[in-house]
Amino acid sequence: MRVPERMTAMVCEAPGLPLARRELDVPRPAAGEVLLRVLACGVCRTDLHLVDGELPDPKLPVVPGHEIVATVAAAGPDVAGLAVGQLVGVPWLGWTCGACRYCRGGRENLCQRALFTGYTRDGGYAEFAVADTRFCFPLPGGLDPVHAAPLLCAGLIGYRSYRVAGEGVERLGIYGFGAAAHILCQIASREGKRVFAFTRAGDEAGQAFARRLGAAWAGASTQPPPEPLDAAIIFAPVGALVPLALRAVAPGGTVVCGGIHMSEIPAFPYSILWQERTLRSVANLTRADGEALLERAAALGVRTEVQTFPLAAANEALAALRSGALQGAAVLEVARRGARP
Ligand SMILES: [Zn+2]
Ligand SMILES: [Zn+2]
């Protein structure tokens, strides 16, 4: 394809400021990288944490966005396995060292030298992006970019959280019913789990949304579930949910914090951790998580619910996410397939 010299990008220049619309040079792919023409990019709560200055040491200025669905526009030197025109997905994990004990031990999500898309590398709030070929997931050509985008972080982190919650889970609590939860609720309920969805008190629409996507029960997070849970996943960045979730899980149960940032966790009595309850976080993803999630979502017929925004309205998309008014996921629709750049 013809690659233009310049592109539009929405740029985080400093925390606390709205994203700035900028015309930038189209980046050049280095060895092992591809240039991607972005079709869609999901808007994740992590992007809000980035613009709010809640994440340490971002690359600045940085193009946010780490749920990229794109076609390969050009390949840098030494690229094998991806062809120009191919549809790919790019997740949060953008590069790892490949040599440390985490990388060698199947835990590349914990690589201390890792680079992250839309945080320490430029991401997908732009017409073009470059990505390391090894961190691109080939996607089936027939996939709809807008609906696929939320799988690449919300879906993936949700799925990793679900897997670390444990094998034998039958009753799964989910706190915060946003993009990640709306995907995981479909997966877990279709796998025969009973999902208990917790939302903000009074969020009737969110609770109805959860029930429609397969939740067996939905209620306020301040409320105890009708029966003890085997595990609970907290997606909302609210530390006060941790003791509530610990109280909701049965002895031996696990509480997983799925977000990258959380407000302070209030002190709680040891008795709610006692009886071998586990409290843990989930950080980032491995490529194996991504492959597993994409396979599982396709096999179970997961359908994301999205609200789309044009690239130039990225600030409005972030505001919609912040307000809690979204159902499902916000996605920037950057280009249509087949349309000329
Ligand atoms: Zn490493
Ligand atoms: Zn994310």
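Of the 341 residues of the chain, 55% count as buried. The model discussed here is predicted. Its secondary structure comprises nine helices and 17 strands. Along the principal axes, the C-alpha trace extends over about 60 × 40 × 40 Å. A compact globule of 341 residues would have a radius of gyration near 20 Å, and the chain has 20 Å, so the two agree.

Two of them show how the site links distant parts of the chain: Cys100 belongs to the loop between strand E6 (93-95) and helix H2 (101-104), while Cys111 belongs to the loop between H2 and strand E7 (115-116), and eleven residues separate the pair in numbering.

For comparison, the ideal angle for four tetrahedral donors is 109.5 degrees. Is Cys111 buried or exposed? Cys111 counts as buried because its relative accessibility is 5%, and the limit for this class is under 20%.

The zinc ion (ligand 2) is coordinated by Cys44 (SG), His66 (NE2) and Cys153 (SG), at 2.0 to 2.2 Å. In sequence, these donor residues are spaced C-x21-H-x86-C.

From the metal sites we turn to the spaces in the model. The largest pocket has a volume of about 1100 Å³. Its lining is made up of 48 residues, and those nearest the centre of the pocket are Arg45, Gly178, Phe235, Ala236 and Pro237. Which elements give two or more residues to this lining? They are helix H1 (45-51), helix H4 (154-164), helix H5 (179-190), strand E11 (194-199), helix H6 (204-212) and helix H9 (314-323). Sorted by class, the lining of the largest pocket has 26 nonpolar, 17 polar and five charged residues.

The structure also holds one cavity of 30 Å³ or more. The volume of the largest cavity is about 40 Å³. Its lining consists of Val90, Gly94, Thr117, Arg121, Asp122, Val130, Ala131, Asp132 and Phe135. Strand E8 (residues 128-132) supplies the largest share of that lining, three residues. By class, the residues around the largest cavity divide into four nonpolar, two polar and three charged.

Some individual residues complete the tour. Pro138 lies in strand E9 (residues 137-138). Pro138 counts as exposed because its relative accessibility is 51%, and exposed residues are those over 50%. The C-alpha atom of Pro138 is separated by 6.5 Å from that of Gly89, although the two residues are 49 residues apart along the chain.

Gln275 has a positive phi of about 75 degrees although it is not a glycine. Gln275 is placed in the loop between strand E14 (249-257) and strand E15 (278-281). With a relative accessibility of 42%, Gln275 counts as partly exposed. Asn284, likewise not a glycine, has a positive phi of about 60 degrees. The loop that holds Asn284 runs between E15 and helix H8 (287-299). Is Asn284 buried or exposed? Asn284 is buried, because its relative accessible area is 15%.

Note on methods: Residues are numbered from 1 along each chain as its sequence is written. Chains are lettered from A and ligands numbered from 1 in the order in which they are written. This is a predicted model: local features need pLDDT of at least 70, side-chain atom pairs count only at pLDDT 80 or more; totals for chains, interfaces and linings use all residues. Side-chain values use heavy atoms; hydrogens and water are left out. On a 1 Å grid over the protein atoms alone, a cavity is a set of points where a 1.4 Å probe fits but cannot get out, and a pocket is an open set with protein on both sides within 12 Å along at least five of seven lines; lining residues have an atom within 4 Å of a point. Grid points are joined across faces, edges and corners, and a volume is the space filled by probe spheres set on the points. Helices (H or I, at least four residues) and strands (E, at least two) are DSSP runs, numbered from the N terminus. Ala, Val, Leu, Ile, Met, Phe, Trp, Tyr, Cys and Pro count as nonpolar, Asp, Glu, Lys and Arg as charged, and the others, Gly among them, as polar. Buried means under 20% relative accessible area, exposed over 50%, partly exposed in between (1.4 Å probe, protein chains only). The radius of gyration is taken over C-alpha atoms; the globule rule is 2.2 Å times the number of residues to the power 0.38. Donors are N, O and S atoms within 2.8 Å of the metal (3.2 Å for Na, K and Ca); water is not among the atoms, so sites may look incomplete.
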